[in-house]
Amino acid sequence: MLDVMIGSPQRHRTMTLFPLVAPAATDLPYDLLVDALAAGVLSIGEAGQGRVPTLVAKNAGERDVLVLDGEQLIGARQNRMTNRSILLPAHSETELPVYCMEQGRWHCSSDAMQPSPQHSPSKVRRRAREAEVRHAAAGGRAGMFVLREEQGAVWGDVADTLRAVGGSSDTGSLDAAYTANARRLARWLKAFHRDDAQVGLLAFAGDRPLGMDVIGAPRLYERLHDRLLRGYIMDALEQAAAARAGTAGAGRRGSGSGADAAAPDVATAQHYLDAVRGAARTETASVGRGTYRVLSGAVIGGELMDDARIAHLSAFPTEQPRGGRPRPVHDEPVVAPPSRRRRHRGE
(Lines give C-alpha, C1' and ligand atoms only; values in the text may rest on other atoms or scores of the structure.)
Protein backbone atom coordinates (compact mmCIF):
# COMPACT_ATOMS: atom_id res chain seq x y z
CA MET A 1 0.00 0.00 0.00
CA LEU A 2 1.33 3.41 -0.97
CA ASP A 3 1.15 5.20 2.40
CA VAL A 4 2.25 8.76 1.68
CA MET A 5 0.75 12.22 2.07
CA ILE A 6 0.97 15.18 -0.28
CA GLY A 7 2.85 18.24 0.95
CA SER A 8 2.40 21.86 -0.08
CA PRO A 9 3.22 22.57 -3.72
CA GLN A 10 6.49 24.23 -4.67
CA ARG A 11 6.63 26.12 -7.96
CA HIS A 12 9.30 27.58 -10.23
CA ARG A 13 8.54 28.85 -13.73
CA THR A 14 6.66 26.06 -15.55
CA MET A 15 7.29 23.33 -12.97
CA THR A 16 5.28 22.39 -9.88
CA LEU A 17 6.58 19.89 -7.36
CA PHE A 18 4.50 18.14 -4.70
CA PRO A 19 6.60 16.58 -1.92
CA LEU A 20 5.39 13.13 -0.87
CA VAL A 21 5.93 12.61 2.85
CA ALA A 22 5.68 9.64 5.19
CA PRO A 23 6.33 10.73 8.80
CA ALA A 24 6.08 7.18 10.12
CA ALA A 25 8.45 5.60 7.59
CA THR A 26 11.39 3.68 9.02
CA ASP A 27 14.75 2.97 7.45
CA LEU A 28 15.60 0.29 4.90
CA PRO A 29 18.93 -1.58 5.15
CA TYR A 30 20.24 -0.78 1.66
CA ASP A 31 23.06 1.15 0.12
CA LEU A 32 22.37 3.26 -2.96
CA LEU A 33 24.12 2.66 -6.26
CA VAL A 34 26.00 5.98 -6.15
CA ASP A 35 27.24 5.38 -2.58
CA ALA A 36 28.22 1.75 -3.17
CA LEU A 37 30.21 2.75 -6.26
CA ALA A 38 31.94 5.54 -4.33
CA ALA A 39 32.80 3.14 -1.49
CA GLY A 40 34.30 0.63 -3.93
CA VAL A 41 32.05 -2.25 -2.85
CA LEU A 42 30.11 -2.14 -6.13
CA SER A 43 31.55 -2.26 -9.64
CA ILE A 44 29.61 -2.04 -12.92
CA GLY A 45 31.14 -2.90 -16.27
CA GLU A 46 30.53 -4.44 -19.65
CA ALA A 47 29.24 -7.97 -20.03
CA GLY A 48 32.11 -9.78 -21.74
CA GLN A 49 33.21 -7.75 -24.77
CA GLY A 50 30.10 -5.61 -24.43
CA ARG A 51 26.38 -5.96 -25.10
CA VAL A 52 24.35 -2.78 -25.59
CA PRO A 53 21.34 -3.71 -23.40
CA THR A 54 23.31 -5.32 -20.53
CA LEU A 55 25.88 -4.41 -17.90
CA VAL A 56 27.24 -6.57 -15.08
CA ALA A 57 27.06 -5.37 -11.47
CA LYS A 58 29.30 -6.98 -8.84
CA ASN A 59 28.29 -6.24 -5.26
CA ALA A 60 31.10 -7.24 -2.90
CA GLY A 61 29.54 -5.45 0.07
CA GLU A 62 27.69 -6.70 3.12
CA ARG A 63 24.45 -4.86 2.24
CA ASP A 64 22.00 -5.01 -0.63
CA VAL A 65 22.28 -2.14 -3.13
CA LEU A 66 19.20 -0.35 -4.46
CA VAL A 67 19.37 0.54 -8.15
CA LEU A 68 16.61 2.79 -9.48
CA ASP A 69 15.31 2.86 -13.04
CA GLY A 70 16.73 5.94 -14.76
CA GLU A 71 20.19 5.96 -13.13
CA GLN A 72 22.75 7.30 -15.62
CA LEU A 73 26.09 5.52 -15.85
CA ILE A 74 29.05 7.09 -17.65
CA GLY A 75 31.99 5.31 -19.28
CA ALA A 76 32.87 1.84 -20.59
CA ARG A 77 31.90 1.42 -24.27
CA GLN A 78 29.00 3.88 -24.14
CA ASN A 79 26.95 5.71 -21.53
CA ARG A 80 23.94 3.77 -20.28
CA MET A 81 20.78 4.18 -18.21
CA THR A 82 19.36 1.52 -15.92
CA ASN A 83 15.84 0.74 -17.08
CA ARG A 84 14.44 -1.23 -14.16
CA SER A 85 14.65 -0.92 -10.38
CA ILE A 86 16.61 -3.79 -8.86
CA LEU A 87 17.91 -4.84 -5.44
CA LEU A 88 21.42 -6.25 -5.84
CA PRO A 89 21.98 -8.81 -3.05
CA ALA A 90 25.12 -8.62 -0.96
CA HIS A 91 28.01 -10.65 -2.40
CA SER A 92 26.37 -11.14 -5.78
CA GLU A 93 26.90 -10.67 -9.50
CA THR A 94 23.87 -9.50 -11.48
CA GLU A 95 23.16 -8.58 -15.09
CA LEU A 96 21.56 -5.12 -15.27
CA PRO A 97 19.11 -4.23 -18.06
CA VAL A 98 20.14 -0.86 -19.52
CA TYR A 99 19.58 1.50 -22.42
CA CYS A 100 22.32 3.11 -24.47
CA MET A 101 22.31 6.89 -23.94
CA GLU A 102 25.16 7.60 -26.37
CA GLN A 103 24.37 6.23 -29.80
CA GLY A 104 27.57 7.18 -31.59
CA ARG A 105 30.22 5.53 -29.40
CA TRP A 106 31.27 1.89 -29.10
CA HIS A 107 34.77 1.96 -27.67
CA CYS A 108 36.03 1.93 -24.10
CA SER A 109 36.61 5.25 -22.37
CA SER A 110 37.08 3.44 -19.05
CA ASP A 111 36.96 -0.10 -17.68
CA ALA A 112 34.10 0.60 -15.27
CA MET A 113 30.99 2.77 -15.22
CA GLN A 114 30.74 5.83 -13.00
CA PRO A 115 27.50 7.43 -11.76
CA SER A 116 26.24 10.66 -13.26
CA PRO A 117 25.00 13.33 -10.80
CA GLN A 118 21.52 13.32 -12.29
CA HIS A 119 18.65 11.00 -13.11
CA SER A 120 17.32 10.59 -16.63
CA PRO A 121 14.30 12.56 -17.88
CA SER A 122 10.95 10.98 -17.17
CA LYS A 123 10.12 10.75 -20.88
CA VAL A 124 13.03 8.31 -21.35
CA ARG A 125 12.28 6.29 -18.23
CA ARG A 126 8.68 5.98 -19.35
CA ARG A 127 9.74 4.03 -22.46
CA ALA A 128 10.64 0.95 -20.44
CA ARG A 129 7.34 1.04 -18.60
CA GLU A 130 5.47 1.16 -21.93
CA ALA A 131 7.23 -2.01 -23.06
CA GLU A 132 6.44 -3.76 -19.79
CA VAL A 133 2.76 -2.79 -19.89
CA ARG A 134 2.35 -4.00 -23.49
CA HIS A 135 4.00 -7.30 -22.64
CA ALA A 136 2.03 -7.80 -19.43
CA ALA A 137 -1.23 -7.08 -21.29
CA ALA A 138 -0.36 -9.87 -23.73
CA GLY A 139 0.16 -12.30 -20.87
CA GLY A 140 3.92 -12.43 -21.27
CA ARG A 141 6.44 -12.91 -18.47
CA ALA A 142 9.69 -12.23 -20.30
CA GLY A 143 10.36 -9.61 -17.67
CA MET A 144 13.25 -7.26 -18.15
CA PHE A 145 14.26 -8.73 -21.51
CA VAL A 146 11.33 -7.05 -23.26
CA LEU A 147 12.76 -3.66 -22.28
CA ARG A 148 15.27 -3.70 -25.16
CA GLU A 149 12.38 -3.19 -27.61
CA GLU A 150 12.40 0.53 -26.77
CA GLN A 151 16.07 1.26 -27.55
CA GLY A 152 15.35 2.89 -30.91
CA ALA A 153 12.76 5.22 -29.37
CA VAL A 154 15.20 6.12 -26.58
CA TRP A 155 17.81 7.26 -29.11
CA GLY A 156 15.15 9.42 -30.72
CA ASP A 157 14.20 10.91 -27.35
CA VAL A 158 17.83 11.73 -26.54
CA ALA A 159 18.26 13.45 -29.92
CA ASP A 160 15.08 15.47 -29.32
CA THR A 161 16.36 16.61 -25.92
CA LEU A 162 19.71 17.73 -27.32
CA ARG A 163 17.98 19.71 -30.08
CA ALA A 164 15.55 21.35 -27.66
CA VAL A 165 17.80 22.38 -24.78
CA GLY A 166 21.25 22.40 -26.41
CA GLY A 167 24.33 20.34 -25.81
CA SER A 168 27.21 19.57 -28.14
CA SER A 169 27.95 15.87 -28.51
CA ASP A 170 29.52 14.13 -31.48
CA THR A 171 28.31 10.83 -30.03
CA GLY A 172 24.76 11.91 -29.21
CA SER A 173 25.26 11.68 -25.45
CA LEU A 174 22.39 12.71 -23.17
CA ASP A 175 24.97 13.79 -20.61
CA ALA A 176 25.85 16.73 -22.89
CA ALA A 177 22.38 18.24 -22.36
CA TYR A 178 22.94 18.35 -18.60
CA THR A 179 26.43 19.83 -19.01
CA ALA A 180 25.14 22.56 -21.33
CA ASN A 181 22.36 23.46 -18.88
CA ALA A 182 24.30 23.12 -15.62
CA ARG A 183 23.68 26.71 -14.49
CA ARG A 184 19.97 26.60 -15.26
CA LEU A 185 19.63 23.27 -13.47
CA ALA A 186 21.35 24.73 -10.40
CA ARG A 187 18.99 27.73 -10.35
CA TRP A 188 15.91 25.53 -10.63
CA LEU A 189 17.14 23.18 -7.92
CA LYS A 190 17.31 26.03 -5.41
CA ALA A 191 13.56 26.61 -5.83
CA PHE A 192 12.62 23.16 -4.52
CA HIS A 193 13.42 22.24 -0.93
CA ARG A 194 13.26 18.84 0.71
CA ASP A 195 11.08 17.99 3.72
CA ASP A 196 12.68 15.95 6.52
CA ALA A 197 9.95 13.29 6.22
CA GLN A 198 9.94 13.31 2.42
CA VAL A 199 10.14 9.97 0.64
CA GLY A 200 9.17 11.03 -2.88
CA LEU A 201 7.98 13.66 -5.31
CA LEU A 202 5.27 14.25 -7.89
CA ALA A 203 6.26 16.64 -10.68
CA PHE A 204 4.17 18.63 -13.15
CA ALA A 205 5.21 20.75 -16.16
CA GLY A 206 2.49 23.33 -16.62
CA ASP A 207 -0.78 21.58 -15.85
CA ARG A 208 0.34 18.10 -16.87
CA PRO A 209 2.02 15.41 -14.73
CA LEU A 210 5.54 14.32 -15.62
CA GLY A 211 5.68 11.48 -13.12
CA MET A 212 6.45 10.53 -9.56
CA ASP A 213 8.99 8.58 -7.54
CA VAL A 214 8.70 7.11 -4.06
CA ILE A 215 11.61 5.61 -2.11
CA GLY A 216 10.91 3.42 0.91
CA ALA A 217 12.86 5.44 3.50
CA PRO A 218 13.57 9.16 4.11
CA ARG A 219 17.29 8.52 4.60
CA LEU A 220 17.59 7.03 1.14
CA TYR A 221 15.37 9.64 -0.46
CA GLU A 222 17.47 12.46 1.00
CA ARG A 223 20.46 11.21 -1.00
CA LEU A 224 18.38 10.99 -4.18
CA HIS A 225 16.31 14.18 -4.03
CA ASP A 226 18.53 16.43 -6.16
CA ARG A 227 19.39 13.65 -8.60
CA LEU A 228 15.74 12.81 -9.27
CA LEU A 229 14.84 16.49 -9.53
CA ARG A 230 17.42 17.15 -12.24
CA GLY A 231 15.71 14.56 -14.43
CA TYR A 232 12.28 16.15 -14.04
CA ILE A 233 13.72 19.65 -14.51
CA MET A 234 15.22 18.53 -17.82
CA ASP A 235 11.73 17.46 -18.94
CA ALA A 236 10.35 20.87 -17.97
CA LEU A 237 13.16 22.73 -19.74
CA GLU A 238 12.58 20.73 -22.92
CA GLN A 239 8.82 21.30 -22.91
CA ALA A 240 9.29 25.02 -22.29
CA ALA A 241 11.79 25.20 -25.17
CA ALA A 242 9.34 23.45 -27.49
CA ALA A 243 6.58 25.88 -26.51
CA ARG A 244 8.83 28.89 -27.14
CA ALA A 245 9.92 27.52 -30.50
CA GLY A 246 6.30 27.18 -31.59
CA THR A 247 6.90 23.75 -33.11
CA ALA A 248 4.03 21.85 -34.67
CA GLY A 249 3.86 19.69 -31.55
CA ALA A 250 3.80 22.71 -29.28
CA GLY A 251 1.07 24.26 -31.38
CA ARG A 252 -1.12 21.22 -30.86
CA ARG A 253 -0.49 21.34 -27.14
CA GLY A 254 -1.74 24.84 -26.52
CA SER A 255 -0.60 26.44 -23.27
CA GLY A 256 -0.45 23.30 -21.14
CA SER A 257 3.34 23.30 -20.87
CA GLY A 258 3.83 27.06 -20.80
CA ALA A 259 4.09 29.56 -17.96
CA ASP A 260 0.46 30.64 -18.46
CA ALA A 261 -0.92 27.13 -17.88
CA ALA A 262 -3.16 26.65 -14.85
CA ALA A 263 -0.93 25.52 -12.00
CA PRO A 264 -1.99 22.17 -10.53
CA ASP A 265 -3.36 22.21 -6.99
CA VAL A 266 -3.30 19.62 -4.22
CA ALA A 267 -6.60 18.14 -5.45
CA THR A 268 -4.99 17.51 -8.86
CA ALA A 269 -2.01 15.87 -7.20
CA GLN A 270 -4.30 13.73 -5.06
CA HIS A 271 -6.16 12.57 -8.16
CA TYR A 272 -2.84 11.38 -9.63
CA LEU A 273 -1.82 9.69 -6.38
CA ASP A 274 -5.18 7.91 -6.24
CA ALA A 275 -4.60 6.67 -9.79
CA VAL A 276 -1.25 5.22 -8.72
CA ARG A 277 -2.83 3.52 -5.71
CA GLY A 278 -5.60 2.09 -7.88
CA ALA A 279 -3.42 0.94 -10.77
CA ALA A 280 -3.43 -2.73 -11.73
CA ARG A 281 -0.28 -4.52 -10.56
CA THR A 282 1.19 -7.45 -12.48
CA GLU A 283 4.15 -9.36 -11.07
CA THR A 284 6.83 -10.00 -13.67
CA ALA A 285 10.16 -11.80 -13.82
CA SER A 286 13.20 -9.81 -12.79
CA VAL A 287 16.68 -10.20 -11.32
CA GLY A 288 18.07 -9.48 -7.88
CA ARG A 289 16.05 -9.66 -4.69
CA GLY A 290 12.46 -8.63 -4.02
CA THR A 291 9.28 -8.63 -6.09
CA TYR A 292 8.81 -6.47 -9.18
CA ARG A 293 5.35 -5.40 -10.38
CA VAL A 294 4.24 -3.54 -13.48
CA LEU A 295 1.64 -0.80 -12.94
CA SER A 296 -1.00 -0.19 -15.62
CA GLY A 297 -4.28 1.66 -16.04
CA ALA A 298 -4.53 5.42 -15.62
CA VAL A 299 -0.76 5.41 -15.01
CA ILE A 300 2.10 3.14 -16.02
CA GLY A 301 4.99 2.34 -13.76
CA GLY A 302 7.13 -0.11 -11.86
CA GLU A 303 7.08 -1.12 -8.20
CA LEU A 304 9.92 -2.94 -6.48
CA MET A 305 8.81 -4.51 -3.19
CA ASP A 306 10.97 -6.00 -0.45
CA ASP A 307 8.64 -8.17 1.61
CA ALA A 308 5.69 -5.84 2.30
CA ARG A 309 7.55 -2.54 1.85
CA ILE A 310 8.17 -0.40 -1.21
CA ALA A 311 11.83 -0.11 -2.11
CA HIS A 312 11.09 2.07 -5.16
CA LEU A 313 8.01 3.04 -7.12
CA SER A 314 7.94 5.13 -10.28
CA ALA A 315 4.74 6.06 -12.11
CA PHE A 316 4.14 8.09 -15.26
CA PRO A 317 0.98 9.25 -17.06
CA THR A 318 -0.46 6.74 -19.50
CA GLU A 319 -1.07 9.37 -22.15
CA GLN A 320 1.92 10.12 -24.38
CA PRO A 321 3.64 13.18 -22.83
CA ARG A 322 3.70 16.38 -24.84
CA GLY A 323 6.58 16.29 -27.21
CA GLY A 324 6.77 12.52 -26.88
CA ARG A 325 8.04 10.56 -29.83
CA PRO A 326 5.89 7.67 -31.07
CA ARG A 327 7.46 4.24 -31.12
CA PRO A 328 9.37 3.67 -34.36
CA VAL A 329 9.06 0.65 -36.62
CA HIS A 330 12.49 -1.00 -36.69
CA ASP A 331 13.89 -2.78 -39.69
CA GLU A 332 17.07 -3.81 -37.87
CA PRO A 333 17.85 -5.06 -34.38
CA VAL A 334 17.43 -2.14 -32.00
CA VAL A 335 20.60 -2.99 -30.09
CA ALA A 336 23.07 -3.11 -32.97
CA PRO A 337 26.46 -1.57 -32.14
CA PRO A 338 26.91 2.03 -33.42
CA SER A 339 29.17 1.02 -36.31
CA ARG A 340 26.44 -1.23 -37.69
CA ARG A 341 23.79 1.44 -37.21
CA ARG A 342 25.82 3.91 -39.23
CA ARG A 343 26.31 1.42 -42.05
CA HIS A 344 22.57 0.72 -42.08
CA ARG A 345 21.88 4.42 -42.55
CA GLY A 346 24.33 4.52 -45.44
CA GLU A 347 26.83 6.76 -43.65
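**View 1. Helix H6 over strands E4 and E7 in this predicted model.** Here H6 lies across both E4 and E7. Its direction runs at about 5° to that of E4.

**View 2. The three-stranded sheet that holds E4 and E7.** Read across this open sheet and you get the order E4-E7-E10, with mixed pairing. Strand E4 (30–32) and strand E10 (86–88) sit at the edges, and each of them pairs on one side only. Ignoring direction, neighbouring strands here are turned by 35° against each other on average. Zoom in on E4 and strand E7 (residues 64–67) and you'll find parallel pairing over three bridges.

**View 3. The six-stranded antiparallel sheet.** This one is open too, and its strands go E5-E6-E11-E9-E8-E12. Strand E5 (42–51) and strand E12 (113–119) are the edge strands; each has a single partner, so one side of each is left without a neighbour in the sheet. From one strand to the next, the twist averages 40°.

**View 4. The E5 end of that sheet, paired with E6.** E5 and strand E6 (residues 54–59) run antiparallel and share six bridges. Within this pair, Gly45 stands opposite Val56 in E6.

**View 5. Back to H6, now with E8 and E12.** Helix H6 (residues 218–245) also lies across strand E8 (71–75) and E12. Against E12, the helix runs at about 65°, while against E4 in the other sheet the angle is about 5°.

Technical notes: Residues numbered from 1 in each chain as written. Predicted model: local features only at pLDDT ≥ 70, side-chain atom pairs only at ≥ 80, totals over all residues. Heavy atoms only, no water. Pairing = 2+ DSSP bridges. Helix = DSSP H or I, 4+ residues; strand = E, 2+ residues; numbered from the N terminus. Axes fitted to C-alpha atoms, helices over the stretch in contact; angles between N-to-C directions. Contact = heavy atoms within 4.5 Å.
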